[in-house]
Each structure stands twice: as structure tokens, then as C-alpha cells.
Amino acid sequence: MRSTRFASNAGGMLPALCVSLLAAAPSTAAAQATPAKPTALEASVDKLAKHATVAAAFNALQNDNAWTLDQQATICQIPAPPFKEQARAAEYAKRFRELGVQNVRIDKEGNVIGEIRGNRPGPTLLLAGHLDTVFPEGTDVRVKREGTKLTAPGIGDDCRGLAVVLSVARQVITQKIPFAGKLLVVGNVGEEGPGNLRGMRAIFGGPMRDSIDMFISVDGTGFGITNGGVGSNRYRVHYKGPGGHSYGAFGMPNPMHAMGRAIAKIADLEASTTPKVTFNVGIVSGGTSVNSIPFEAIMEVDLRSETAAALAEIDARLQKALREAVTEEKARWPQSKAALSVVIDTIGLRPAGSTPDSSLIVRTSLAAARTMSIYTPLTISSTDANVPMNLRIPAVTLDGGGRGTGAHSLDESYDDRADGYKGPQYVLLVVMGLLGVK
Ligand SMILES: [Zn+2]
């Protein structure tokens with residue numbers, strides 16, 4: 001899911017608030033992307049929505065909305081802990097095949113990949129939802145349904161995205177939408193924290209990379225376009241020495257004291273706000289007793305930024321601080337021959353990146369929202385789209401409609417309300433707008 005999220009336009013208004021503002025006062029929301037006279041791109045997306053096959057797909061998504069919700073609920077009841085997405089992947093691949101998606105396979109990393117070919121040459125767009133959840137094995141993933149509301153761990157994040165991808169694929173095939181190029185449909189592994197984007201790294205680190213022209217991940221609920229990818233570098237840092245009795249062995253470098261020096265340096269790091277840069281020591285541990293010099297002290301550090309350059313810069317200063325702490329702690333006890341070292345293990349690296357507001361994929365996403373009279377703020381977050389963004393492949397993450405609460409918690413819920421079907425309609429319109437229909 002989106003691990004951070006804030007609107008980069010509209011003065012930081014929350015999407016849900018903006019939706020209600022839109023309903024109450026269309027002229028206010030019109031400032032976002034509804035100039036009096038449509039741009040050529042907006043006019044073409046308006047026209048696309050009226051294309052017979054696209055209009056038929058829109059009707060089918062609304063009239064057969066129960067199918068989408070059934071997909072969402074039944075997928076969600078197959079557990080998919082990090083690194084254990086296999087059962088859900090097998091079922092997802094089966095559903096792709098049943099819909100008539102071609103060349104469905106599961107790659108070495110565990111990603112489900114299928115293809116829908118257009119009727120003429122054109123670009124290749126990859127449309128994905130993520131299979132993995134944050135929940136460990138044994139979590140009760142049975143779905144409770146009350147009216148339009150579904151409650152279960154993972155129901156929104158990202159069973160909604162998986163269901164939207166299936167529904168879009170189903171309509172593209174059923175309505176025989178005459179699009180150009182190729183639509184790759186994917187259920188990927190490893191989006192959540194411990195997975196470290198391994199699914200997308202595998203796709204964009206392999207032979208497919210050069211053939212993918214555009215990328216859309218469906219992740220999250222409501223409506224929004226993520227076109228900025230927050231990058232993060234996360235480390236587990238160990239300070240190590242021989243340790244000893246706090247009285248008898250006194251006079252040697254102390255790993256815990258070295259780590260304290262390092263934390264003081266981290267706390268004093270300067271961090272810019274534009275682009276935003278953050279640092280955090282989140283966990284400290286180590287030591288065995290109050291009267292022992294510890295043989296090890298451990299901390300976990302998280303660095304984040306919106307740009308790769310800023311992230312690299314703060315990372316360099318962190319690495320320097322971690323090593324200076326060793327030098328200074330050793331210098332404190334010059335007569336001691338005891339060793340002191342620092343070992344830095346990488347826990348996670350998420351590349352930063354962004355897709356410019358002026359790019360075709362963002363403008364088409366905004367134009368489709370305008371056509372459908374929905375409000376879609378541009379946001380910055382950490383999602384699967386980080387990987388293609390970092391490679392400068394046009395990429396966005398789109399929300400899947402409805403309304404979600406409690407993502408990453410056991411009481412996560414998704415409410416389809418009266419117009420959840422607009423989620424897959426919106427994604428279909430963006431995808432077809434980018435590939436081109438005639
Ligand atoms: Zn997610």
C-alpha cells in the first residue's frame with residue numbers, strides 16, 4: 001500500500017473531502033482539470049468514453065459490479081503473506097486463463113503475467129495489482145459482508161486492485177475493444193515492506209524491461225493518482241566489540257556508547273524540506289546486563305526522500321556518521337587494544353522517482369477523471385510504481401474506487417457504496433486512453 005501519502009495539489013485536501021466538495025460545488029473542483037474549453041487530449045478522452053465498445057464496457061462494469069466484488073472477496077480469502085503468495089498467485093493465474101488472457105505464466109519471482117493483444121501495433125502497457133499482504137500466516141482472512149461493505153485483512157490493499165485488474169481485463173476481452181499495442185496484466189509479489197518491491201524489481205530487472213512503455217499499478221481505494229515515488233534506504237547497524245565486566249574491564253571502547261555517538265550525529269543531520277528528506281532511528285537493542293560492557297549494540301535506521309539524488313546525499317552523510325562514531329569511541333580510550341567495529345546490513349532499498357505532471361500518462365489520467373467528473377489528486381507515495389519511475393518509464397499508481405479504512409490492520413474494510421464500479425471504469429478509460437482505440 002501507499003506508506004505515505006499527501007496531496008501535491010489542491011492545498012493538501014484529503015481525497016474524501018474533495019469528493020464531497022466536488023458533489024457540493026462542481027465549480028470549485030472545476031479548477032483542477034476542467035477548463036471551460038477542453039484540451040485536445042481531454043476532448044479525445046471524452047470521445048473515447050463514447051466509443052461503442054468502451055461504453056458497453058462501462059455499462060457492463062456497472063451492471064455486473066457484483067462480479068468485481070466477488071473477485072475481490074474470494075481472492076482475499078486466499079492467504080498471501082510476504083514471500084508466501086504462491087496459492088493466491090496460482091488462483092489469480094487460473095482466473096486470467098478463464099477470462100481468455102493469453103500467455104499466462106508465473107515468473108521465477110512468483111509474479112503472474114498475462115497478455116491481451118490489441119488489433120494493431122502500438123505501445124505496451126503493464127497493468128498490475130499486488131498479491132502480497134502484510135499479514136502473517138495463520139491470520140483469519142475470512143471476509144465478512146454487510147451490504148456494500150466487506151471486512152477482512154487485505155480487502156482493500158490490495159484485493160481491490162487485483163479485482164479491478166481482473167474486471168478491466170474481462171471487459172477489454174469481452175467487448176473486443178479495438179486497441180493498439182499490448183496490455184500486460186499482472187498480479188505481482190513483494191510490494192509490502194519486507195518484499196522490498198521484489199516483484200517489480202524482477203520484472204524491470206529482466207528481459208521484459210525494454211518492452212514496457214508505460215506502467216499502472218492499481219493500489220489503494222478512493223480516487224487518486226500517485227506520480228511521485230518516495231524512495232527509502234533502511235539499515236540494521238551493529239556496533240561490535242569484545243564486551244566485558246563494567247568495572248573489571250572498564251577502559252575499553254563500548255559498542256553501546258559508540259552507537260549513542262552515532263545516534264547523536266544522526267539526530268543533528270540537516271534535512272531539506274524541498275525535496276523532502278527524512279531520517280529516523282526506529283529500533284535500538286543490545287546488551288545483556290546493567291553491569292556488562294555490551295558486545296553488541298544494534299539499531300535500525302530509515303532514510304527517505306522524494307528524489308534519488310537527495311536520498312543518496314543523506315545516505316552518504318549517514319554512512320560517514322556511523323563510521324565517525326567508531327573513530328571517536330576508539331579515540332576516547334587510546335590505551336585500549338580492544339576492537340570496535342560497525343557492520344551495516346541493508347534491510348530495504350526502495351528507489352525514488354517521479355513521473356512529471358506534464359507527462360502523457362499523468363495528463364491522460366487527469367483527463368479521464370475530468371471525463372468521469374471525479375476528483376483525483378496527484379500524490380507522492382511509495383508503491384510498485386517506484387521501480388519504473390526510477391528507470392524513467394512513465395508510471396503511476398491509481399486508486400481502485402470505493403472507500404477503504406484500516407489498511408494493514410486486522411479490521412481493514414472496503415465499502416463499495418453506490419458507485420464502486422467507477423473504480424474499474426476509470427482504470428479502463430485511462431488504459432485505453434493511453435493505448436489508443438479506433
Ligand atoms: Zn498496497
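Glu 324 and Lys 265 form a salt bridge, with the closest N and O atoms 3.2 Å apart; a salt bridge here is a side-chain nitrogen of Lys or Arg within 4 Å of a carboxyl oxygen of Asp or Glu. The pair links distant parts of the chain, 59 residues apart: Glu 324 is in helix H10 (residues 308-332) and Lys 265 in helix H9 (residues 255-267). Helices (H or I, at least four residues) and strands (E, at least two) are DSSP runs numbered from the N terminus. Glu 324 is partly exposed at 27% relative accessibility, and Lys 265 is partly exposed at 22%. Buried means under 20% relative accessible area, exposed over 50%, and partly exposed in between (1.4 Å probe, protein chains only).

The model is predicted: local features need pLDDT of at least 70, side-chain atom pairs count only at pLDDT 80 or more, and totals for chains, interfaces and linings use all residues. Residues are numbered from 1 along each chain as its sequence is written, and side-chain values use heavy atoms, with hydrogens and water left out.

Glu 85 forms a salt bridge with Arg 198, where the closest N and O atoms are 2.7 Å apart. Glu 85 lies in the loop between helix H5 (65-76) and helix H6 (86-99) and Arg 198 in helix H8 (residues 198-205), so the pair ties together parts 113 residues apart in sequence. Glu 85 is buried at 4% relative accessibility, and Arg 198 is buried at 13%.

Glu 91, Lys 94, Arg 95 and Glu 98 are linked in a network of salt bridges. The count of salt bridges comes to 24.
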